[in-house]
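Thanks for coming. I will take a few minutes on one structure, so please have a look at it before I start.

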Amino acid sequence: VGAQSLMARANGAGDREAVGVVFRQSAMTLVGLGLLLCAAMTAAAAPLMEAIILSPDVQRAAASYAWWRSLGLPFAYLCILIRAFYVAILSTRILAWSSGVTVAANCILNYLLIFGAGPFPEMGIAGAAIASALAEAACFAFLVLYMAVRHDAKRFGLALGLSAWRWQS
């Protein structure tokens, strides 16, 4: 929410460079947070499930779900940031399309990975978590492709080269 407000303010002032600075710094923060939470969930999932669930089978299934689901957090955070960027620059049509991509990917992958179809093995609850993580990755890929086609990354200096990713005050 804060990044969206700062990007909207910079966009309203016509300062595209400032939009890019806020976006890049927010992306670094959110990826770091996503990776940190992914590591924390990986480390804490099994002990937490053992502490609150009596059945060993349910414990293993829940811990497996949490582990696989945590892998989608960095993608989810980046999708939220890109959506905030498009709200800030008043280009909101893409929000419905990105949600559609996420839902479609999740529905298809849930069917394939939970129940097993064709070459996909039946994975049960772990398949649901994998499907959700992959759906978030698909949404991220869709949004990045959309940004590339519209040249938004170049216009706003969102992520061009490693030199663009340095901290700025």
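Where is the place of His151? His151 sits in the loop between helix 6, residues 125-150, and helix 7, residues 152-156. Keep in mind that this is a predicted model. I start with His151 for its backbone: the phi there is positive, about 60°, although His151 is not a glycine. As background, most residues other than glycine have a negative phi.

Leu90 is another case. Leu90 is not a glycine either, and its phi is positive at about 65°. Leu90 also lies in a loop, the one between helix 4 and helix 5. Is Leu90 buried or exposed? The relative accessibility of Leu90 is 73%, and the cut-off for exposed is over 50%, so Leu90 counts as exposed.

Helix 4 covers residues 73-88 and helix 5 covers residues 93-116. Their axes come within 10 Å and cross at roughly 160°. Angles over 145 degrees count as roughly antiparallel, so helix 4 is roughly antiparallel to helix 5. The crossing of helix 4 and helix 5 is left-handed.

Now, which residues meet there? From helix 4 we have Arg83, Tyr86 and Val87. From helix 5 we have Ile94, Leu95, Ser98, Ser99 and Thr102. Sorted by class, the contact of helix 4 with helix 5 has four nonpolar residues, three polar ones and one charged one.

To recap, Leu90 and its positive phi belong to the loop between helix 4 and helix 5, and His151 and its positive phi belong to the loop between helix 6 and helix 7.

Key. Residues are numbered from 1 along each chain as its sequence is written. This is a predicted model: local features need pLDDT of at least 70, side-chain atom pairs count only at pLDDT 80 or more; totals for chains, interfaces and linings use all residues. Side-chain values use heavy atoms; hydrogens and water are left out. Axes are lines fitted to C-alpha atoms, for helices over the stretch in contact, and angles run from 0 to 180 degrees between N-to-C directions. Helices (H or I, at least four residues) and strands (E, at least two) are DSSP runs, numbered from the N terminus. Angles under 35 degrees count as roughly parallel, over 145 as roughly antiparallel, 65 to 115 as roughly perpendicular and the rest as oblique. A crossing is left-handed if the near helix is turned anticlockwise from the far one by less than a right angle, and right-handed if clockwise. Contact means heavy atoms within 4.5 Å. Ala, Val, Leu, Ile, Met, Phe, Trp, Tyr, Cys and Pro count as nonpolar, Asp, Glu, Lys and Arg as charged, and the others, Gly among them, as polar. Buried means under 20% relative accessible area, exposed over 50%, partly exposed in between (1.4 Å probe, protein chains only).
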